[in-house]
Amino acid sequence: MKAILLAAGSGKRLGDLTREMPKALVDINGKTLLERQIIALQKNDIYDIIVVTGPNNDKFDMKDISFIHDSNYLDHDVLGTMMSVNEYMNSDVIISYTDIVFDEKVIRSIKNANNDINVAVEIDWEKTYVNRTEHTMDEAANVLIEQGLVKKIGHQTKRFGFFKKENLGEFLGIMKLSQKGANIFKNEYFKLIKRHQGEFYEAVSIKKGYITDMIQELINKNYKIYPVIVTGNWCEIDTLQDLEMAQKKFL
């Protein structure tokens, strides 16, 4: 099994902290976000790790880690960054955003998932927004779970229609794909790139699409997307307030 870590974001909401430094290299009590992710992966015996970089690419330097520069990071969003390394999605793979910090239990949960397309979900998600005033609940990437499957995913729950609140979770930004699942993801994406025009779910275009948009596309095409209810600590780092909270949570 390998891991692909998506580190091509600019981290603008962290201000001067990420002006000349990649967001993935922000320090949390002596270890960067990226280092903490790699430690969690390696504690689960995942050592084949690829990091996809964007701005300030020259700042990345770690032994035994493969770094691939997404030279077109300004032209697309995170979905495009993920697909820029699609040739490496040729086996079971965990794919993760790098603006989240998590412990090894979170990775253990998703690693043990046995379906073709699995997404990590926090069910008790609203508690993570207590006192989080700079990144509010309405910015969450929510997941609607019904009959054991993901039925809706995205940042705009108004698109979900009627749903029971207890069926709503939050997508962490971590997926596990089997080789078959990776092939499904790639094949459907490249079909869309050739012909899709206009808005793509919550994005202005397929080119500017988010991973959640692509997952919703697969759902609408009747592929089964399985939620993995994670255990363990995690949090997203989007603002300076988030960083301060993470420094209290991850010592």
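Colleague: Is N222 buried or exposed?

Modeller: This is a predicted model, and in it N222 has a relative accessible area of 68%. Exposed means over 50%, so N222 counts as exposed.

Colleague: Where is the place of N222?

Modeller: N222 sits in the loop between α5 and β12 (226-229), just after α5. Its phi is positive, about 70°, although N222 is not a glycine.

Colleague: And what about phi of N131?

Modeller: Phi of N131 is also a positive value, near 65°, and N131 is a residue other than glycine. N131 belongs to the loop between β8 (117-122) and β9 (142-146). With a relative accessibility of 62%, N131 counts as exposed.

Colleague: Back to α5, then. How many of its residues are buried?

Modeller: Nine of the ten residues of α5 are buried, and the helix is mostly covered. The buried ones are I211, T212, D213, M214, I215, Q216, E217, L218 and I219.

Colleague: Which residues in α4 meet α5?

Modeller: On the α4 side they are I184, F185, E188, Y189 and L192. Their partners in α5 are I211, M214, I215, E217 and L218. By class, this contact has eight nonpolar and two charged residues, with no polar ones.

Colleague: At what angle do α4 and α5 pack?

Modeller: Helix α4 (residues 179-195) and helix α5 (residues 211-220) pack at about 100°, and their axes are 11 Å apart. An angle from 65 to 115 degrees counts as roughly perpendicular, and α4 and α5 are therefore roughly perpendicular to each other.

Colleague: Why is α1 described as largely enclosed?

Modeller: Helix α1 (residues 33-42) is largely enclosed by the rest of the structure because seven of its ten residues are buried. Those residues are L33, L34, R36, Q37, I38, A40 and L41.

Colleague: Changing topic: what volume has the largest pocket?

Modeller: The volume of the largest pocket is about 1200 Å³. Its lining consists of 38 residues, and G9, D77, V78, D99 and D238 lie nearest the centre.

Colleague: Which elements supply at least two residues of that lining?

Modeller: They are β1 (2-7), α2 (78-83), β11 (168-177) and β13 (234-236). The largest share, four residues, comes from β11.

Colleague: How does the lining of the largest pocket divide by class?

Modeller: It has 16 nonpolar, eleven polar and eleven charged residues.

Colleague: How much space lies in the second largest pocket?

Modeller: The second largest pocket holds about 270 Å³ of space. It is lined by 15 residues, with T128, W234, C235, M245 and K249 nearest its centre.

Colleague: Which element gives the most to the lining of that pocket?

Modeller: Helix α6 gives the most, with six residues. Both α6 (240-249) and β13 supply at least two residues each. By class, the lining of the second largest pocket divides into eight charged, six nonpolar and one polar residue.

Colleague: One last point on α6. Which of its residues are buried?

Modeller: In α6, the buried residues are Q241, D242, L243 and A246.

Colleague: What do the buried residues of α6 pack against?

Modeller: They pack against three strands, namely β2 (27-28), β7 (100-102) and β13. Strand β13 also supplies at least two residues of the lining of the largest pocket, and at least two of the lining of the second largest pocket.

Note on methods. Residues numbered from 1 in each chain as written. Predicted model: local features only at pLDDT ≥ 70, side-chain atom pairs only at ≥ 80, totals over all residues. Heavy atoms only, no water. Axes fitted to C-alpha atoms, helices over the stretch in contact; angles between N-to-C directions. Parallel < 35°, antiparallel > 145°, perpendicular 65-115°, else oblique. Contact = heavy atoms within 4.5 Å. Nonpolar A, V, L, I, M, F, W, Y, C, P; charged D, E, K, R; others polar. 1 Å grid on protein atoms, 1.4 Å probe; cavity = no way out; pocket = protein on both sides within 12 Å on 5 of 7 lines; lining within 4 Å. Points joined across faces, edges and corners; volume = space filled by probe spheres on them. Buried < 20%, exposed > 50% of the residue type's maximum accessible area, 1.4 Å probe, protein only.
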